[in-house]
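Please open the model in your viewer and keep the selection panel at hand.

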Amino acid sequence: MQVVVVGGGAAGYFTAITAAEADPTAQVVILEQSKRVLHKVSISGGGRCNVTHDCLDPKQLVNFYPRGYKELIGPFHRWQPADTIAWFEERGVQLKVEADGRMFPVTDDSQTIVDCLTGAARAAGVATRLQCGLVAVRRLESGFQLALSDGKSLQADKLVLAAGGTRAGKVVQLAESLGHQPVPPVPSLFSLRTRDPRLADLAGVSQEKVTVAYQGPRECFTQSGPLLITHEGFSGPAVLKLSAWAAREFAAVDYTTDIQIDWTAGTSDSELQDRFQQQRQAQGKRQVKNTPLCGSSQRLWERLVEAAGIPADRKWLEMKKAEQASLMSQLLSATFHIRGKSLNKDEFVTCGGIPTQEVDFRTMESKCCPGLYFAGEILNIDGVTGGFNFQAAWTTGHLAGSAVIKSS
């Protein structure tokens, strides 16, 4: 049996390895249109590869997926992070858990994961063809006839489309030619751009926990977590999570809108007033600008105090009611105008692709075209930052790779 997997990324490799190990007599081929495989694996997590997340309860795990959470409950009961951890450990790769739940190889080197996957594929007899994309596909009475970018053709008994992200466009069009109606892709997991005097020269300053809110055209989105001020605006887990959940809402306004930041991450008005009163009593003779509250860095605090219209020499005992109200507003609901987005480093995640209702999530087989399977980001599934997108790739790849053999 000839199994062709389109896409040499995480999902494609896991599909191919699973299929080849399940049936050593099968001929499994990976088609990769670029010069190298597993590129996103190599750059993810700052070059360390955030393999998965330490969340072993499928019902909890699906809460990290803005799109696909209902469909993934079943698959995660069949292949979840515990299975991923065991799979890599069986092949000599130990993973470690960081404080926030992200999991990396103990080597802190993504090449460890790349070498593991390519080595497992080689040992299982998987063939890889680089700079060889799929340009056309024709459904046969049994299987598929594939036209390749190198001018050659190939016949496949089973076809798995696993080319996601920026490379998914052409492959999604081929799925459309086979009967699917793809959801138009838009970016997910991106930083937000803004120009605001409160942020001038603060690039690199972070806040351990904030709450970021965005009122979209149809829905309000709120996320909490660390925030990083960059040269262009905002990044960090709180912003990246917000961008994932509100990906389509941000796209609908062309990434030009307002967001609100609660720098205190949920402190109530009354609690903040009490903090101010305590400052008056304990630090009354000190200048407001020199005594940060709510975990703010000195530099960020100074900007918020200045934005509240409080004079530089104002002491806590001298602060007026209007000044206190203005400072509370800056701390609890500071508004920033967003003027675009930027990629999260070199990583790129999209929402959109093959609709989940067109796929059987027990096998990852198309409901429109028998013998056609999907894995990874080509599906309209995406997770927040933290290893969740890779876990979806491992899970859907394992199910697809198993199913193509069982269905033969």
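What covers the buried residues of α2? The cover includes α1 (10–22), α6 (110–124) and α13 (388–406), where contact means heavy atoms within 4.5 Å. This is a predicted model, in which local features need pLDDT of at least 70 and side-chain atom pairs count only at pLDDT 80 or more, while totals for chains, interfaces and linings use all residues. Residues are numbered from 1 along each chain as its sequence is written, and side-chain values use heavy atoms, with hydrogens and water left out.

Select helix α2 (residues 39–47), in which V41, S42 and S44 are buried (under 20% relative accessible area, 1.4 Å probe, protein chains only). Viewed down the axis of α2, its buried residues lie within an arc of 160°, so they line one face of the helix. Just after α2, select C49, which takes a positive phi of about 70°.

Next, display helix α10 (residues 269–283) with helix α12 (residues 321–332): they pack at an angle of about 125°, their axes 11 Å apart. To inspect the contact, select D269, L272, Q273, F276 and R280 in α10, which meet Q324, L327, M328, L331 and L332 in α12. The residues of this contact comprise 6 nonpolar, 2 polar and 2 charged.

Finally, go to L189, in the loop between β11 (183–188) and β12 (190–193). L189 counts as buried because its relative accessibility is 8%. The C-alpha atoms of L189 and T335 are separated by 21 Å, the two residues being 146 residues apart along the chain.

Methods:
Axes are lines fitted to C-alpha atoms, for helices over the stretch in contact, and angles run from 0 to 180 degrees between N-to-C directions. Helices (H or I, at least four residues) and strands (E, at least two) are DSSP runs, numbered from the N terminus. Ala, Val, Leu, Ile, Met, Phe, Trp, Tyr, Cys and Pro count as nonpolar, Asp, Glu, Lys and Arg as charged, and the others, Gly among them, as polar. Buried means under 20% relative accessible area, exposed over 50%, partly exposed in between (1.4 Å probe, protein chains only). The arc is that of the directions from the helix axis to the C-beta atoms.
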